Structures are given as C-alpha cells and as structure tokens.
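This report examines the arrangement of strands and helices in a single structure. The sequence and the coordinates are presented first, and the discussion follows.

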Amino acid sequence: MKKILTMVPLLAGAALLASVGVSAAAGKYTIGISNTVQGNGWREEMVCAMKAQALASGEVAKLNIAHRNTDAAGQLEDIRNLISAKVNAIVVNPADPAGIKAGLEEATKAGIVVVAVDQAVTEPSAYIISNNQEEYAYLGAKWLFQQMGGKGEVFYMRGAAGASADSDRDKGFKKALAEFPNVKVAQEVFTGWQQDQAKQQMLSFLATGTPFNGVWTSGIDNVIVDALVESQAPLVPVVGADNAGFVGQLSSVKGLVGAAVTNPGSIGGAGVTLALQILDGKKPAQQTVLVQPQLWENATEEGKAKLKAAADPSLSPEWPVSISIPDWTTYTKDQIVACKGPGE
C-alpha cells in the first residue's frame, strides 16, 4: 500500500562513515546515513535535513554518515560498514535498487530499521518515503509540451543512469510524450545530477546548432538558464525543480518562460522521522509514503504569485526552497541551514 501526501512547502561533505558527534545527554539511537552523490545541492540539503531532524528529535545520540560519490557497489560496501557499526537504523538514498538489495536485507536480518528516501528500493523489508518521481516528470513535461504548442524538439536532460528516481521520471516524461505525438526528443543526456556536467552538456548541445523548442531538466536547472543566457541562445521554455536559484530566475530573467516542480530535499529529514517512529514501535500501516509535487510556472499571474511567495534568495541556489515537509520535519530554518547534527 502507498500513502499519498500532498506537498505544501514551508517557505521561509562529510568523510566516509564520519561520526557526527556523541553527547551523553542526547538521545538513545545511532542512525546510519548512506548517500552516493556529493557536491550536488539537492543532496547536500537532504543530508542537512537529516542532521537537523536528528538534532531536533532529541532521540539521536549519534549519526554515522557515509556521504561520497560512488556507485551501487560502493554503497553496498558503505551499508555493510554501517551494519558492522551496529547502528539502530539506516536511512539510504539508493544508487541502484538491485545493486544494494542484499545489503538492505542483511541490515533487516541484523535488526536494523531500513528507510529509503527519495527513491524506491526492491528489498521488501525496507520502508520508503519518497517524492513522487513519476508525477514530478509528468507534470513538468506536460506543461512544457503545452508551452511548445504541442510540437517541436525538446532537449531531454535526465539524472543518473540506473537510479530508480531517474527511471521513474523517465516513465513520467514518456507518459507525457505519448500525449503529444508531434513533440520529439532532439537529444537525450544523463547529467549525473552534477551542475558542471549539465552546463557543459547544454553548451555542447548549443554548439551543434540542433534546433530545439524546449528543455526538460531533472532538477539541474539554474546552470542551464545560465548557459542559454551566456550563449545568447533563444530562451526556450525550461522546466526544472524548485531550487532557489531557478525559482529566482523565473522571476528575474527577462524573456524566460519556465516552471519549477517541487522536489524537496527535506525528504531526508522525513526519512529520519520515519526511522525513529519505527524504532519507537510506531510502525506505519503502509510500507511506502509518497509526497506529491506541485508545479509553479511564470506564464500566468497566479503562477508568478506562487513563485514570488516561494522565492528565498537567502538559500544556496542549488537548494530547494521547500526546506520542510509538514508532519514529517520539526527543525527550524536556522537548524537546516546550520547543517549540524547531534553533538556538533
């Protein structure tokens, strides 16, 4: 079963297995965290949300964090290290569901609670709390194709190959594409959810001179607008996520038409909350919780008002402005921005 939540945003690099402090007066649990993308603003906010929620809960004595750029094999190694460290729970953003399934099963057999955030996993014992990735892509792609007049060429900028969030988003994108038979993909690339790589891919695509009428991005967005502006290329419609930089661009870059689809990195904090609930004997009736996205666009006055309300220039440009999730996170804005866990 899946529990569906509607996202209502509240506006406002650690070393491998780094211990994030111990306080004798703090809580009783040790939480392990496994993440495989470092240097990406969304993932950095996710880790900061995990730290902030662990601190705000008062139940966590220590965080054991594996936060590095690696693949499924590397993450499997990290998970097994966390099992050996005898953590009480592991909150994981999976690189590849099949590639880490064995490790998640081993964790459950060792009595460790496993919660996957942001993306689904195939291990049936794991709990999942995730943004609805298929709907994220479908909402943005459908809006984009409508802005293109139902025809033309789109530059399709995906995330990381093999990641379940990317696979789910591809389903959503292609679902929308099937509804617009006169829209074609001019080129498809995997950005790896890396800012520099995505910007270079945009610049390289522009250099080919290939005609295009829109850009769909998997959340790497403000650098794409930068590339278009710097190249003096036509400002075709662009779809991205609710990252602070892109949300600001949608109100400030003259001639830019675009839409931001919410995809809160604060889902990491929600994962810590879910893990603590299970450790406290409050297992949810549903194994999967999905947070539903919203779309904010600048093509209408209503959309412009939503973007203005959501904008937060005080945040890092790569951080989503949806820094909290109602009912799932209890930290303050100052706590998530400080990015400090228990004992730090």
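How many bridges join β10 to β11, and in which sense do the two strands run? Two bridges join them, and the strands run parallel. The model under discussion is a predicted one. Within the pair, Val-215 has Val-238 in β11 as its bridge partner.

**The six-stranded sheet**

β10 and β11 belong to an open sheet of six strands, whose order is β9-β8-β10-β11-β12-β14 and whose pairing is mixed. At the edges stand β9 and β14 (295-297), each of which pairs on one side only. From one strand to the next, the twist averages 20 degrees.

Strand β8 (residues 152-158) is mostly covered, with six of its seven residues buried. Helix α6 lies across both β8 and β9, and runs at about 155 degrees to β8.

Helix α7 (residues 222-230) contains the buried residues Asn-222, Val-223, Ile-224, Val-225, Ala-227 and Leu-228. The elements that cover these buried residues include strands β8, β10 (214-217) and β11 (238-241), together with helices α6 (195-208) and α8 (244-252). Just after α7, Gln-232 adopts a positive phi of about 55 degrees.

The packing of α6 with α7 has a right-handed crossing. On the α6 side, the contact is made by Gln-195, Ala-198, Lys-199, Met-202, Leu-203 and Leu-206, which meet Asn-222, Val-223, Ile-224, Asp-226, Ala-227, Leu-228 and Glu-230 of α7. By class, these residues divide into eight nonpolar, two polar and three charged.

**Helix pairs**

| Helix pair | Angle between axes | Distance between axes |
|---|---|---|
| α2 and α3 | about 10 degrees | 8 Å |
| α4 and α5 | about 35 degrees | 7 Å |
| α6 and α7 | about 35 degrees | 9 Å |

Helix α2 (residues 72-84) and helix α3 (residues 97-109) pack at an angle of about 10 degrees. Because of this angle, α2 is roughly parallel to α3. Ala-72, Gln-75, Leu-76, Ile-79, Arg-80 and Ile-83 form the α2 side of the contact, and they meet Gly-99, Ile-100, Ala-102, Gly-103, Leu-104, Glu-106 and Ala-107 in α3. The contact of α2 with α3 has eight nonpolar, three polar and two charged residues.

Helix α4 (residues 133-147) and helix α5 (residues 164-178) have their axes 7 Å apart, and α4 passes α5 in a right-handed crossing. From α4, the contact draws on Gln-133, Glu-134, Tyr-136, Ala-137, Tyr-138, Ala-141, Lys-142 and Phe-145; from α5, the partners are Ala-165, Asp-168, Arg-169, Lys-171, Gly-172, Phe-173, Lys-175, Ala-176 and Leu-177. This contact of α4 with α5 comprises nine nonpolar, two polar and six charged residues.

**The enclosed strand β6**

Why is strand β6 (residues 113-117) described as largely enclosed by the rest of the structure? Five of its five residues are buried, so the strand is largely enclosed. Val-113, Val-115 and Val-117 point one way from β6, whereas Val-114 and Ala-116 point the other way, and all are buried. β6 pairs with β5 in the parallel sense over four bridges. Val-91 stands opposite Val-115 of β6 in this arrangement.

Most residues other than glycine have a negative phi. Lys-86, which is not a glycine, has a positive phi of about 60 degrees. Lys-86 is placed in the loop between α2 and β5 (89-92). Its relative accessibility is 70%, so Lys-86 counts as exposed.

Cys-339 likewise takes a positive phi, near 55 degrees, in a residue other than glycine. Cys-339 is located in the segment after α11 (333-338). Is Cys-339 buried or exposed? With a relative accessibility of 19%, Cys-339 counts as buried.

Conventions
Residues numbered from 1 in each chain as written. Predicted model: local features only at pLDDT ≥ 70, side-chain atom pairs only at ≥ 80, totals over all residues. Heavy atoms only, no water. Axes fitted to C-alpha atoms, helices over the stretch in contact; angles between N-to-C directions. Left-handed = near helix turned anticlockwise from the far one by under 90°. Contact = heavy atoms within 4.5 Å. Nonpolar A, V, L, I, M, F, W, Y, C, P; charged D, E, K, R; others polar. Parallel < 35°, antiparallel > 145°, perpendicular 65-115°, else oblique. Buried < 20%, exposed > 50% of the residue type's maximum accessible area, 1.4 Å probe, protein only. Pairing = 2+ DSSP bridges.
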